[in-house]
Amino acid sequence: MTHDNRLQLLPGTLEMLVLQTLVFGARHGHGIATTIERTSDDLLLIDHGSLYPALQRLERAGLISSEWGTSDNNRRARYYKLTRAGRKKLADETGKWDKIVRAVKGVLRAKPEEEHA
Amino acid sequence: MKWFGRPDREYREELEAHIQIEERENLERGMSPSEARQAALRKFGNALAVRDNLSESRPFHFWQTLHRDMLYSIRVLKRSPGLTATVVLTLAVCIGANAAIFSVVNAVLLRSLPFPQPEQLVLLWGTGLALGQRSQVSFTDMADWRHESKSLEEIVAFQGWWNPTLNWDNRPEHVAAMQVSDGYFRVMRGAPLLGRVFLPEDQVEGHSRVVILTYSLWHDHFQADPQIVGKTIQLDSVPHIIVGVMPAGFHSLPPSLLTRSPQLYVPLAEAYDNTQRSFTHLRAIGRLKPGASPEQAQAELSVIADRQARANPDSNASRGVHIVPLQADVLRNIRPAVLVLQCAVLAVLLIACANLANLALARSGARQKEIALRAALGASRFRLLGQLLMESTLLSIAGGTLGLLLAYWGVTLLRKAGSSMLLDFPAISIDWSVLLATGGIVILTSLIFGAAPALSLSSTSADECLKSGTRSAGSASRSKMRRLLIVAEVALSAVLLVGSGLLLRSFVTILEVNPGFDARNVFTAEIGLPEAKYPQRRDAVAFFIRLIARLKALPGVESASAVSVLPESGKANHTGVRIAGRVDPPGQELAPDVARITPDYFRTLRIPLLAGRAFTEQDDGAHDLVAVINQTLARNLWPNQNAVGQKIWTGSGRTWRTVVGVVDDTYQYSRDSPKTMQLYVPHADNGGASMTVLVRTMRSPDDIAQDIRTAVSQTDPEQAVFDAATMESVVGNTVATRRFTLFITLSFAAAALLLAGIGLYGVVAYGVAEKTREFGVRVALGAKRWDVLRLVLVEGTQLVVVGLAAGLIAALALTRFLSSLLFGVKPSDVGTFCGVGLLLLTVALVASFIPARRATRIDPAVALRYE
């Protein structure tokens, strides 16, 4: 596992990924980070340190909520879960993201156009 | 520290949990424990940095921020050391003065007297003398009150004017004795350190004489001899047995109630003129029973006094009793003065704060870019406000600390300068409550002068500021605030100036009062002959005749004489008088001050003789008994008649006397008290063991004092003089409180004027600097120098006129609180108000003129490029 072939996240996408991760149930910070890494086949690099400010922003925006719970190995951890607003936001963001990806792909694969005089 | 969101602690816990989970997974991957931890930390990144990122929004790192702000502030303040020093010094002086004056307020008004349950202690004064002044009480009346009163647990009599010669180891020395009736130590809740307190039988005449020593006398004079009880000492050549020693913590009554602080206590012998109700020569103090109020006691004792008056119409008709709590009695004269001083010094502090706020505003203008830059880099408004407040707080704390040092010195100065006024409060010091109050003042100060720039900041936005180039944004609101501050400063100064002006006028008026005598070049010394050695009236008379003859023979002595009570000494003896053809209702007889004098008294003090003659050596009682009266008494007794040759009956000797002369009035108490009626009788026919000798001479006081001592010991080697002083200093004492109050308020007013002047100068100068370009344009367009000058002067003067108007109106409302300190001048004295107005306007013109002149010299070519 070297860092060379891993990708830095585009700005603003971390929040979306966090929301997506939480769709299947509440998770703690470490779980969110590892889930993102695993589901991206370890291609996406999560800076664990920056995860927490992101969680804060999301919580303050009312998109997720949190409470203390116990982790698999009986450790106290803070669990985050989606709120109704978070679910809606995720849907919006996913839609937006798909559009962007499609648009960017379109541009990248476009054949050279003829110039119209 | 929870400000918004979750507390910092929870975040740390959450992050730590994250790292531990990772660590555990690493262990499962087969890493060694330390490797696992290191890898987890590495993966997490810098945990501290994460926390700092989080802190930007919420877990408020209060102390850390504070620390950083402080370091930054210190750097900022270090960058301009001159300015910082000026601010700190100004604050130090103002806070120091506040602390010093507050230590007086604290000692005088806040701290209670050093006795157990001092609020229960009350003084009982006699009332009903024709003069309207409160009088002392007789032993018999006091004893009645004591037996009949239900609301007072104990009443005792005391007097504090006996200063016997203590002879111990053949070293004669004057000591101050307090004569007390036996319950005194019960009233004052004093238990002896050694021996016992007085018993009722100690008062009985013929019983062996006993004495109780104070701790200081025992310690200093008797080397703290533990075996002292039972030993015998000589007081005025009479043996007294020491029965007790009081502990150091037993405080004497305030010295103003006695003549001086007592060094020993002797019982008030019952036989001491104590059977006559008319002999009112004692003071009385009592202790209220728990729960009884002074008003209850007053009501009860008034009833008793009425009964006494009906039972003894000769002596007690229309005589009453007036109960005054001890604390109130002691504060009676100085409370207003002390409050005025505290207000004055607070006003000076406020003015200084206004000046510093102005300075800070000017600086915040100059620092606009720095602040805008910090804001742009992400400093929150809260942080910026904190930063500005931090600077003012640091300055205030530095000023306050230095100020406290100054206050220590100031308190010493106050104690010395105000010794006559603060006689009863020896314990003026900087204690914890003064420290606490000073701490409060420091906080107040930093808020006041830190708030101004902070407020102006809130009306400025960062981007606006960075964009606006050189012309600083928010300057309009800042200069508005600066103007407001100047107006407030001028108003406060005006109030202070009016107050001190009124005090000054009062003082001058008093100095201009004709005292009726000439105190210059007169030296005085008191002599008290012991009764044991001079039992007969004629012995004392002979002593003083011989002494006066010796004094007159001294080289350079113009005249010498003696008097029982000096004018303007604040003391007086009274006697009832009657004349033929005039019947006063009982108890309302005229009671003039009476003084026994030797023949040359009027000549020595240069009291003008208005009619008749003065006394001669022949007025010795062998022939006709004679008297001399003052003009006020003559007018009262024989209006529109010649007083000389009339007969007058005097209560003190119970004899008729012929008035042989009328002299000009003098003041018995002080020049600001009403004139009193005065009656003089010859010492030769009346006797008197305690006299003050007066010597008129051009010689130096020290020189003549030595000669007087020699003359006294030549007359009787066992006698000593005390209270040797120039007559001018005796007179000076009566105005000392005024002089003290005046001196301090005048210095405060001067400081206020100076600060207001500097503040105004600062504002006008800053205004000129800000408008350099405008003036340049005006001059370029043809404005004359005079126009520019007028423009600036008008601006400065406008501020002062507004402030002055506000200040004078406030003064008009406030000066009536001064009225008890004023003499011969109304609180609304037009002259003083006009004078203050003129003074402040002059200062305003001068303060604006300097920058105005600079404005006229602006070269338009330079000014247009100026920024």
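In what order do the elements of chain A run from the N terminus on? I read the order as α-β-α-α-β-β-α.

**Basis of the entries.** I note that this is a predicted model, in which local features need pLDDT of at least 70 and side-chain atom pairs count only at pLDDT 80 or more, while totals for chains, interfaces and linings use all residues. Residues are numbered from 1 along each chain as its sequence is written, chains are lettered from A and ligands numbered from 1 in the order in which they are written, and side-chain values use heavy atoms, with hydrogens and water left out.

**Chain A.** I found four helices and three strands in chain A; helices (H or I, at least four residues) and strands (E, at least two) are DSSP runs, numbered from the N terminus. Of its 117 residues, 38% count as buried, that is, under 20% relative accessible area with a 1.4 Å probe and protein chains only. I looked next at contacts (heavy atoms within 4.5 Å). In chain A, 51% of those with a separation of 6 or more are between residues 24 or more positions apart.

**B:Ser564.** I located B:Ser564 in the loop between β15 (557-563) and β16 (577-578) of chain B. Is B:Ser564 buried or exposed? B:Ser564 is buried, because its relative accessible area is 14%. Its side chain reaches the backbone nitrogen of B:Arg596 at 2.9 Å. Not counting residues up to four places away in sequence, B:Ser564 touches B:Val594, B:Ala595, B:Arg596, B:Ser690 and B:Met691.

**Strands of chain B.** I followed β16(B) to β20 (residues 647-650), to which two bridges join it in an antiparallel run; strands pair if DSSP finds at least two bridges between them. Here B:Arg578 has B:Trp649 as its bridge partner. Four bridges then join β20(B) to β21 (residues 655-663), also antiparallel, and B:Ile648 stands opposite B:Arg657.

**Second largest pocket.** I recorded about 940 Å³ of space in the second largest pocket. Of the 40 residues that line this pocket, the closest to its centre are B:Thr90, B:Val93, B:Cys94, B:Ala751 and B:Leu755. On a 1 Å grid over the protein atoms alone, a pocket is an open set of points where a 1.4 Å probe fits, with protein on both sides within 12 Å along at least five of seven lines, and lining residues have an atom within 4 Å of a point. Which element gives the largest share of the lining? I found that α23(B) does, with 15 residues. By class, the lining has 30 nonpolar, nine polar and one charged residues; Asp, Glu, Lys and Arg count as charged, Ala, Val, Leu, Ile, Met, Phe, Trp, Tyr, Cys and Pro as nonpolar, and the others as polar.

How values were computed:
Buried means under 20% relative accessible area, exposed over 50%, partly exposed in between (1.4 Å probe, protein chains only). A polar contact is a pair of N or O atoms within 3.5 Å; within protein, one must be able to donate a hydrogen and the other to accept it, and residues adjacent in sequence count only if both atoms are side-chain atoms. Grid points are joined across faces, edges and corners, and a volume is the space filled by probe spheres set on the points.
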